[in-house]
Amino acid sequence: MSLVPASLRALCAPALAAAVLAPAAPAVASPARDPIPAYATRRLERVAGALAKDPLFVDPDMAAALDRADRARVRAAIGAAARQIGTPVFVVVIPNPAESESEGHDGAFLSLLHDRTHRDGLYLMANSHAWFNAVGYGVPREVSSYEEGEAKRDSKHPFNGLAGRLVARLDLYRNRPATTPREPYAPSRPDAFGEENRWEPAEAEITGPLLTGLLLAGPFGALALYGLGAGGLFLWRRRGTRGPVSLDKNATPVESHPGAPARPSVKWLVRTGAKELERLRLMLSEAGDPPGRGFAVTAYDAAKILYDDAAADPDRALDLVGAIVLARQGLGAIAQKTASPPPPCFVNPLHGPSAHRRQVRLDGETGPGRRRPLCAACNARPVAALARQVLEVSGPDGPRPHHAVPGVWQDTAFGADGNDLVPRVLEYLGVE
């Protein structure tokens, strides 16, 4: 099966035959993880080896995306950017499906590729949907996956003008004012080889004769349990429903909302959306021009359009959720001074920013599920308890989990699979 969608396969000549994977190694008794076999990372090794000779890599499956003249333009822009910035610049055009070594996460792919090349520099990637991702290692420029004001991607013909878009992105970084190099946000890595399908162990059940235990413990046990429960309730009330979460120890903490409802009413969504939009508006008016402001402004525009359209329509509860998520992403971009804030908790996007990735199986899925971003509270919950936290919205047939509702939010997973949520929403809204 090809790694690219049908729209791109129609452009391409027949791809290279799929390589046949070697049989899996037998299990060993040692509790240590099995070493990663060569074939599991050979795509990364192939790309890294090619980049050592040519800073532009175009995968054979995407050969038709850039013709000879296009590649010459991109290579010229790579050279100009490298000379101006003072670091190597690499451009990779490659499909990155969910079955790949990076599980479809472009940021994780670039991080793994950087590990293989052993070279700092600017890495710019275009995937099989013509979406971009960029990461800078030791690059004295502000680098982000989404850049405000660049040419709009054609949703019907995403590869039209790809060379021009790549050149424009490289020119943007080349002409951007120099800054102190910053380490990029480190995406969570995929599971170790051989543990992709490892199930979380079930919680141990309480066994033993309860009545006998109570008789032996007597009133002292009951008093101890009462004291623990009362103390825990007191601490929880003092803690409130919000807490800070930060993926960068040097970044400003961003509010999380673990107490957000799993079945919010439209009234709650309207009220919360208005509050978050006003918070972002005030922060933008006072923030000056820090890194991440451009992302925050665009996120505010998308959130405001969504909110104004959906606030009066009780059937668009999920759009109201999206408006809240976008507003909070804008707040996170300013607070953490980044144009790539972490995606929200996938279990309930109203919980706020994610802090971990964990394998989660949702209703209707077979097998162990996929690794998804979770907030700190959901990551600490046992597997069985996550089902009660999944965001559900009202529909004609009753409440449905948010991930089961077709549309832009199901397609983007609220940004869980990449950092293209804002441009995808703007495309959904028809904003040029």
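Leaving aside neighbours within four places in sequence, L326 is in contact with A299, A302, A303, L306, W409, L421, V422 and V425. The model in which these contacts occur is predicted. L326 also belongs to the largest nonpolar core of the protein, where L326 is one of the residues that touch the most other members. The points below describe this core, then a sheet with its helices, and finally the protein as a whole.

**The largest nonpolar core**

- This core has 38 residues, and those touching the most other members are L280, L318, V321, L326 and W409.
- Two or more residues each are given to the core by the helices α7 (266-286), α8 (293-310), α9 (317-335), α12 (408-412) and α13 (421-429).
- With twelve residues, α9 gives the most to this core.
- Apart from this core lies another, made of 28 residues, which include M62, V93, V139 and V167.
- As general background, nonpolar side chains tend to be buried together in soluble globular proteins.

**A sheet of four strands**

- Four strands, in the order β1-β2-β3-β4, form an open sheet whose pairing is mixed.
- At the edges stand β1 (56-58) and β4 (132-137), each of which pairs on one side only.
- On average, and with direction ignored, neighbouring strands of this sheet are turned by 10° against each other.
- Strand β3, which covers residues 121-126, pairs with β4 in the antiparallel sense over six bridges.
- G121 has Y137 as its bridge partner in β4.
- In general, the strands of a sheet pair through backbone hydrogen bonds, and the pairing is either parallel or antiparallel.

**Helices packed on the sheet**

- Helix α4, residues 106-117, packs on the sheet and touches β2 (89-93), β3 and β4.
- The direction of α4 makes about 40° with that of β4.
- Helix α5, residues 162-175, also packs on the sheet, where β2, β3 and β4 are the strands that α5 touches.
- The direction of α5 makes about 155° with that of β3.

**The protein as a whole**

- The protein contains 13 helices and ten strands.
- Of its 432 residues, 45% are buried.
- Among contacts with a separation of 6 or more, 66% are between residues 24 or more positions apart.
- The accessible surface of the protein is about 22,400 Å², and carbon and sulfur atoms account for 57% of this surface.

Conventions:
Residues numbered from 1 in each chain as written. Predicted model: local features only at pLDDT ≥ 70, side-chain atom pairs only at ≥ 80, totals over all residues. Heavy atoms only, no water. Pairing = 2+ DSSP bridges. Axes fitted to C-alpha atoms, helices over the stretch in contact; angles between N-to-C directions. Contact = heavy atoms within 4.5 Å. Buried < 20%, exposed > 50% of the residue type's maximum accessible area, 1.4 Å probe, protein only. Areas by Shrake-Rupley, 256 points an atom, 1.4 Å probe, with all protein chains shown as cover. Core = buried A, V, L, I, M, F, W, Y, C linked by side-chain atoms within 4.5 Å.
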